[in-house]
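Subject: Structure handover

Hello,

Please find the structure below. My notes on a surface patch and on one strand follow it.

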Amino acid sequence: MAMIDSVSLLKRLIACPSVSPDSAGALDIIEETLVAAGFSTKRLPADNVDNLWACFGESPVFVLAGHVDVVPAGNLSQWISPPFVADERDGFIYGRGAADMKSGVAAMAAAAVRAANDNKAEGLALLITSDEEGEAEYGTKHVVAWLKERGFTIPYALVGEPSCEKVLGDTVKIGRRGSLTARITIKGIQAHVAYPQRGDNAALRLLKVLSDIADKWPNKPQSANGGFPPTSCQIVRIYGDSGAENVIPAEASATINFRYVPTDDVQSLKNTVVAALQASAENCWECAWHHSARPFFSGHDSRLAGELRAVIADVCGVQTAFSTGGGSSDGRFLRDICGELAEFGVLNAGIHEINERVAGEDVRRLTEVYYRLAVVLLSKL
């Protein structure tokens, strides 16, 4: 098969209005490209989400993972060109998903085709979803469950999320913190604000609970576990409304989120919240938990991290820094079946913003990094 130009492929993907969870034809383009190169593919739809698994050979060794879904374009009048028409000028390609992360997917597909043409693709696989920017329940999570059912364990995986800060190659993610959310509801007694003794102000009880949690969970020093940012507890939503300005609310609610390091125990975080509730709200409370991401950490000394750093230095001329910062990614699901995991993609400046863009040269160099990394990982088994 002829070589694939990753920038040309990126432009085709941007033209697909794949607002999450609609793949809008983007997965079809990737599948057709990989099938023509000799990859076996399987579509794994679930609910209203489509997913693509492609593998060269029977046993996946190295997985390149990404997503074609994007966030909504926002105010169209503020775009300098239509968000779903790739516009190239001054060395940049503009369009929704240009950086996050159709550039990564295009680079993965182009690298995979080149590896197949060079007879160096045995054991290479791609996992592409359309449910990363949305609820993430039926995308990579669903495909990983399918792989686990079939007994697959995969030595290496690379997620192509935009990871770099200033220049391509300056940052590789080798871990992410976990995410635990608590949705708290406090019950009180409604009354006239002029007669507070007749009521029980749920909002005041809630504020006391939140204050207690903040006191029990101050900012901690930097973790020694891979240099993770410290575990944090943030209040993200507070609500209490009686319907009138002169009525004490009978119910108030809040949502808090923990971003926690691998050395923290989920149950201990829950106990912190429950203790504050019991102390300030007695038995008049409810708490619902959502554990959306477990942390992962592949380590600075993993083979994947070392090989990736060496390839980046050769291709980009940059000394890579390893990072564990940022929010969650689909790495939280891949960790269940992958021995070593990292994230590397283009610059993350401007992602999810109006006039999202990516440098065309960065896309081509990213393709080269993915290709060389695949070759070295698959040739040293």
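L204, L207, I235 and I238 make a nonpolar surface patch of about 390 Å². Patches are made of residues with over 30% relative accessible area and no salt bridge, with nonpolar side chains (Val, Leu, Ile, Met, Phe, Trp, Tyr) joined within 5 Å and like charges within 9 Å; a salt bridge is a side-chain nitrogen of Lys or Arg within 4 Å of a carboxyl oxygen of Asp or Glu. Areas are Shrake-Rupley values with a 1.4 Å probe, and for residues only the protein chains shown count as cover. Two or more residues of the patch come from each of α5 (202-216) and β12 (232-239). Helices (H or I, at least four residues) and strands (E, at least two) are DSSP runs numbered from the N terminus. L204, in helix α5, is exposed, with a relative accessible area of 55%.

This is a predicted model: local features need pLDDT of at least 70 and side-chain atom pairs pLDDT 80 or more, while totals for chains, interfaces and linings use all residues. Residues are numbered from 1 along each chain as its sequence is written, and side-chain values use heavy atoms, without hydrogens and water.

Strand β3 (residues 62-67) has six of its six residues buried, so it is largely enclosed by the rest of the structure. (Buried is under 20% relative accessible area, exposed over 50%, partly exposed in between; 1.4 Å probe, protein chains only.) F62, L64 and G66 point one way from β3, and V63, A65 and H67 the other way.

β3 pairs in the parallel sense with β6 (residues 124-129) over six bridges; pairing takes at least two DSSP bridges. V63 has A125 as its bridge partner in β6. Four bridges join β3 to β7 (residues 154-159), also parallel, where L64 is partnered by L158.

Regards
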